[in-house]
Amino acid sequence: MLDHYEQFKKDIFALTKIDLNAYKEKQMRRRIDTLIGKNKIDSYEKYVELIKADRDKFEQFVNFLTINVSEFYRNPEQWKILDEVVFPKLINTFGKRLTVWSAACSTGDEPYSLVMALSRHLPLVNIHIIATDIDKQVLASAKVGLYNEKSIAGVPDDLKKKYFKQIGNSYQIADEIKRCVEFREHNLLRDPYPSGCHLIVCRNVVIYFTDEAKDQIYGKFFQSLAPGGMLFIGSTEQIMNYKELGYERNKSFFFERPKK
């Protein structure tokens with residue numbers, strides 16, 4: 001067992017502005033210890049020195065830390081609700097130029113899915129998704145827009161044929177979809193949130209945070225939403241105290257900021 005984890009958390013915050021205190025400690029420490037072991041290092045202090053000196057190891061650490069598991073149209077039954085219920089409601093309320101934020105967007109699967117799903121309701125010229133993540137590497141990958149067959153398995157066949165081009169064993173998403181997404185680096189625990197959002201999508205990320213950090217994030221999402229706006233969370237997540245935070249529950253994984 002490695003020692004001096006408290007000092008390690010301080011060192012990592014100074015280097016990355018990632019606050020490890022906000023993550024569930026047992027789970028996160030186990031992941032970090034595994035990575036340190038793979039680098040054949042026996043102390044947190046030595047590992048901090050390594051990532052200070054080696055940019056590739058620094059990027060490896062951030063990428064490993066910010067658990068990136070994503071796929072297009074993840075949990076399709078929820079995307080069906082988004083398509084049939086939520087999008088029509090938002091368009092009816094706010095018009096044809098929605099402000100949509102994909103938070104903790106990972107490799108871009110989610111914001112690109114949002115563009116394609118919205119394209120059934122709106123022309124692409126009207127669609128603009130803000131997509132943010134703390135990890136520079138996954139944002140760079142997202143901008144390239146190249147995916148394996150497993151990642152795009154959930155995309156409806158008509159959209160897959162229309163917006164993907166096969167290149168070897170990979171699939172390249174169309175430039176017309178990429179142009180609808182603006183990628184930005186963003187730390188959910190530190191940075192200012194976008195305002196006036198009609199839809200915020202943040203799925204299967206907040207589960208890794210402490211209850212205190214979750215409340216902070218969901219509270220900030222509430223403030224970011226326009227009255228009548230919706231928050232879409234993941235199938236592994238719950239907001240037990242949504243009423244205290246001000247939300248109304250719309251569907252199982254959809255929460256609304258009331259209009260009044």
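**Exercise 1. Find how much space lies in the second largest pocket and which residues line it.**

Step 1: the volume. The second largest pocket holds about 210 Å³ of space. A pocket is an open set of points on a 1 Å grid over the protein atoms alone, where a 1.4 Å probe fits and protein lies on both sides within 12 Å along at least five of seven lines.

Step 2: the lining. There are 14 lining residues, and T16, V62, I134, K136 and E185 are the closest to the centre. Lining residues have an atom within 4 Å of a point.

Step 3: the helices. α1 (5–16) and α4 (55–65) each supply at least two lining residues. α4 gives the most, with four residues.

Step 4: the classes. The lining has five nonpolar, three polar and six charged residues.

A note on the model: it is predicted, local features need pLDDT of at least 70, side-chain atom pairs count only at pLDDT 80 or more, and totals for chains, interfaces and linings use all residues. Residues are numbered from 1 along each chain as its sequence is written, and side-chain values use heavy atoms, without hydrogens and water.

Terms used:
Grid points are joined across faces, edges and corners, and a volume is the space filled by probe spheres set on the points. Ala, Val, Leu, Ile, Met, Phe, Trp, Tyr, Cys and Pro count as nonpolar, Asp, Glu, Lys and Arg as charged, and the others, Gly among them, as polar.
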